[in-house]
2 protein chains.
Amino acid sequence: PKRSAEAAAEIAISMVNLAKDDPRRVIHSIKVGLALTLVSLFYYFQPLYDDFGVSAMWAVVTVVVVFEFSVGATLGKGLNRAMATLLAGVLGLGAYRLASLCGKIGEPLLIASFVFLQAAVSTFMRFFPNIKARYDYGFLIFMLTFCIVSITGYRQNEIWELAHKRLSTIVIGGFASLLVSIFVYPVWAGEDLHNLVALNVEKLGSFLEGFGIAYFNIPDELAKDDKSFLRGYRSVLNSKNIEEALANFARWEPAHGQYRFGHPWKKYLEVGALIRQCAYRIDALNGYLVPDIQATVETSEEIREACVKMSLESGAVLKELASALRAMTQSPTSVDARLASSKAAAKSLKLPLLGSASWEDVELVKVIPLATV
Amino acid sequence: PKRSAEAAAEIAISMVNLAKDDPRRVIHSIKVGLALTLVSLFYYFQPLYDDFGVSAMWAVVTVVVVFEFSVGATLGKGLNRAMATLLAGVLGLGAYRLASLCGKIGEPLLIASFVFLQAAVSTFMRFFPNIKARYDYGFLIFMLTFCIVSITGYRQNEIWELAHKRLSTIVIGGFASLLVSIFVYPVWAGEDLHNLVALNVEKLGSFLEGFGIAYFNIPDELAKDDKSFLRGYRSVLNSKNIEEALANFARWEPAHGQYRFGHPWKKYLEVGALIRQCAYRIDALNGYLVPDIQATVETSEEIREACVKMSLESGAVLKELASALRAMTQSPTSVDARLASSKAAAKSLKLPLLGSASWEDVELVKVIPLATV
């Protein structure tokens, strides 16, 4: 019993950490519960139940499946589901009608071949990268609904009612999800994308600021164990998939926040790619932070100072850029000034040895025009 | 009409390319169609239909939702779905029984609070990274089934039958998917992971082989437009998510191929991480392939030759490693010999200028022990 108590305590601690890490997770969980309870009202109240009967189940299913963390993801899934159901319902009915003209033996054969054909084609379509990114779920639901409608038609005569009920319960479930998602502490994927990009720039900045000092082992007010900033950039290396997912969700979102006329998610992806490229360079720099190499490099006091200054300056530039990005202001003139001084520092070091470090600045210059968007 | 014909031709071409790229995609599409048609037999044959009735729909839904590209993914989703349905069915029934003891007013209130509570808890659990990777779908289905069973119980008295039918149709659908997935041209995620890792090593090798020549602009039999190998490594930079997904699928797969006692997917992830680190270094090297920088570097003939040799040798080492990995043999002694010669080449260049290039070899040495697994 003692061990299981310990295990339970561990789980509890990790749950608290998870919640502290991003309190929106707790809010999201409560939102899902709320939406589900809302939809289940269909069962409790007699008049509503009379209209929909067992089909009200589809509304519950829709909420569970469609409700995602951000508004964009929820909207995207909801639209996919509703559109695919509508389209597949119409086509499925058509297939059933066509088949029913073919007599008792022809009918099941025809329906079976329709089912086979559309399943194979839909599955194949889902391999297209563009479709996979935005409409994958739609194709899944299309397959599902087409099969259910056309097959059930063979057995039941209430096929029209089934198609109609399924569609309307799905729309109801989708709307319930969407309303709760938008009006109760909304989470915008566009905003998340914005913050992620700003955070990534900041992480690279912290690394560069600390790199010069760490490389030359300069004794510093910095405690030895406070080197976490040198690892922070690692998450940037693999940020591609998260950024792309967020951008895909952001595409679905209505105008909100500072972006009145649509979210410039494409720009964010471009900036994100540049930042990643910068992070690869930084990872290479990080490879030099190994005692073996550090020991073999002997440099004059002068070069050392210049290096540290350059590293500090370029780190500071990135950090200012990050805060400008966060506040969505034009990049302030102080950034330009600092950029100039870090370039000057780099110029005073025209040594091939430091070719890789001066590359940072080339990247920096590329990032700036985009940051002012 | 002409424009739409052009557009149609374009789509057709991209479909053919998609199929050529990986013919297993076509096979997979056909397999999905086959499994769906199999399951829809429930509707066509009278005796089977008598047993399950409309619930046979769940078998169709299961096939559409569970059938994935690889065996591991299908098995994982199927098990998640079946287990979650069983568990949620039992708990949902329990919740319904408990609520039904509480009188006409208490019953809906209690059920509503059960629904709210389990939805919030399940949603929160899905944020745990470990759970998200392997059991995300299971928690979704748990929520779904719990709601349906406990809510429907309030309205219908055939709740026991509902739970039983839902579970058995899901099991039937899951088995149909699994059988088709395993016995008709199976796609193993473990094999895919293996090939991906080998391919990535190969790509890095091609880059290094070409890099020395391209950097010093040595005229070569190489045509100018044949520089695609210098870009091949880019896909390696972002391989983390694909590798992790494949490893997660591979965990579900039964023993197959050369791995009798379980797939060493953890080793693959380790090797993959090393390869990625190597790719970051290579990306940094690639940054030097810009005319501006190339022009400023002036080197003696001697250094140049040594560099090219080192680059060629280390590229060749990687390529041999890749083919050894592919064939799953112990790394042949020729690799050791080549490694030694590429190290010798690196040693003859004890210049800080080339510090970054010699790093490749350090990485290489790390990769080798793992490759022999």
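# A first look at a helical model

The accessible surface of chain A comes to about 17,900 Å², and carbon and sulfur atoms account for 64% of that area. Please keep in mind as you read that this is a predicted model.

## Chain A as a whole

Chain A is built with 17 helices and zero strands. Of its 373 residues, 54% are buried. Now look at the contacts in chain A with a separation of 6 or more: 79% of them come from residues 24 or more positions apart.

## Helix H2 in both chains

Which residues of H2(A) are buried? They are A:Arg25, A:His28, A:Ser29, A:Lys31, A:Val32, A:Gly33, A:Ala35, A:Leu36, A:Thr37 and A:Val39. In H2(B), the buried residues include B:Arg25, B:Lys31, B:Leu36 and B:Val39.

## Salt bridges

Over all chains, the structure holds ten salt bridges.

| Residue with N | Residue with O | N to O distance |
|---|---|---|
| A:Arg24 | A:Asp192 | 2.9 Å |
| A:Arg126 | A:Asp136 | 3.0 Å |
| B:Arg24 | B:Asp22 | 3.1 Å |

Start with the bridge between A:Arg24 and A:Asp192, at 2.9 Å from N to O. Because A:Arg24 lies in helix H2 of chain A and A:Asp192 in helix H10 of chain A, the pair ties together parts that are 168 residues apart in sequence. A:Arg24 is partly exposed, with a relative accessible area of 30%, whereas A:Asp192 has a relative accessible area of 18% and is buried.

Next comes the salt bridge of A:Arg126 with A:Asp136, whose closest N and O atoms are 3.0 Å apart. This pair links distant parts of the chain, ten residues apart: A:Arg126 is in the loop between helix H7 (103-125) and helix H8 (129-155) of chain A, and A:Asp136 is in helix H8 of chain A. Both A:Arg126 and A:Asp136 are buried.

In chain B, B:Arg24 pairs with B:Asp22, and their closest N and O atoms are 3.1 Å apart. Here B:Arg24 is partly exposed at 29% relative accessible area, while B:Asp22 is buried at 17%. Over in chain A, salt bridges with shared partners join A:Asp22, A:Arg24 and A:Asp192 into one network.

## Cysteines without partners

How many disulfides does the structure hold over all chains? The count is zero. A:Cys147 is buried, with a relative accessible area of 0%. In chain B, the cysteine sulfur closest to that of B:Cys102 is in B:Cys147, and because the two are 19 Å apart they are too far for a bond. B:Cys102 is partly exposed, with a relative accessible area of 40%.

A:Val171, A:Phe175, A:Leu179 and A:Phe183 make a nonpolar surface patch of about 430 Å². One of these residues, A:Phe175, lies in helix H9 of chain A, and its relative accessibility of 52% makes it count as exposed.

In chain A, the loop between helix H9 (159-183) and helix H10 (189-215) contains A:Tyr185. A:Tyr185, although not a glycine, has a positive phi of about 40 degrees. A:Tyr185 is exposed, with a relative accessible area of 60%.

B:Tyr185 is not a glycine either, and its phi is positive, near 40 degrees. B:Tyr185 is found in the loop between helix H9 (159-183) and helix H10 (189-215) of chain B, and at 60% relative accessibility B:Tyr185 counts as exposed.

How values were computed. Residues numbered from 1 in each chain as written. Chains lettered and ligands numbered in written order. Predicted model: local features only at pLDDT ≥ 70, side-chain atom pairs only at ≥ 80, totals over all residues. Heavy atoms only, no water. Helix = DSSP H or I, 4+ residues; strand = E, 2+ residues; numbered from the N terminus. Buried < 20%, exposed > 50% of the residue type's maximum accessible area, 1.4 Å probe, protein only. Patch = residues over 30% accessible without salt bridge, like charges linked within 9 Å, V, L, I, M, F, W, Y side chains within 5 Å. Areas by Shrake-Rupley, 256 points an atom, 1.4 Å probe, with all protein chains shown as cover. Salt bridge = Lys/Arg side-chain N within 4 Å of Asp/Glu carboxyl O. Contact = heavy atoms within 4.5 Å. Disulfide = S-S within 2.5 Å.
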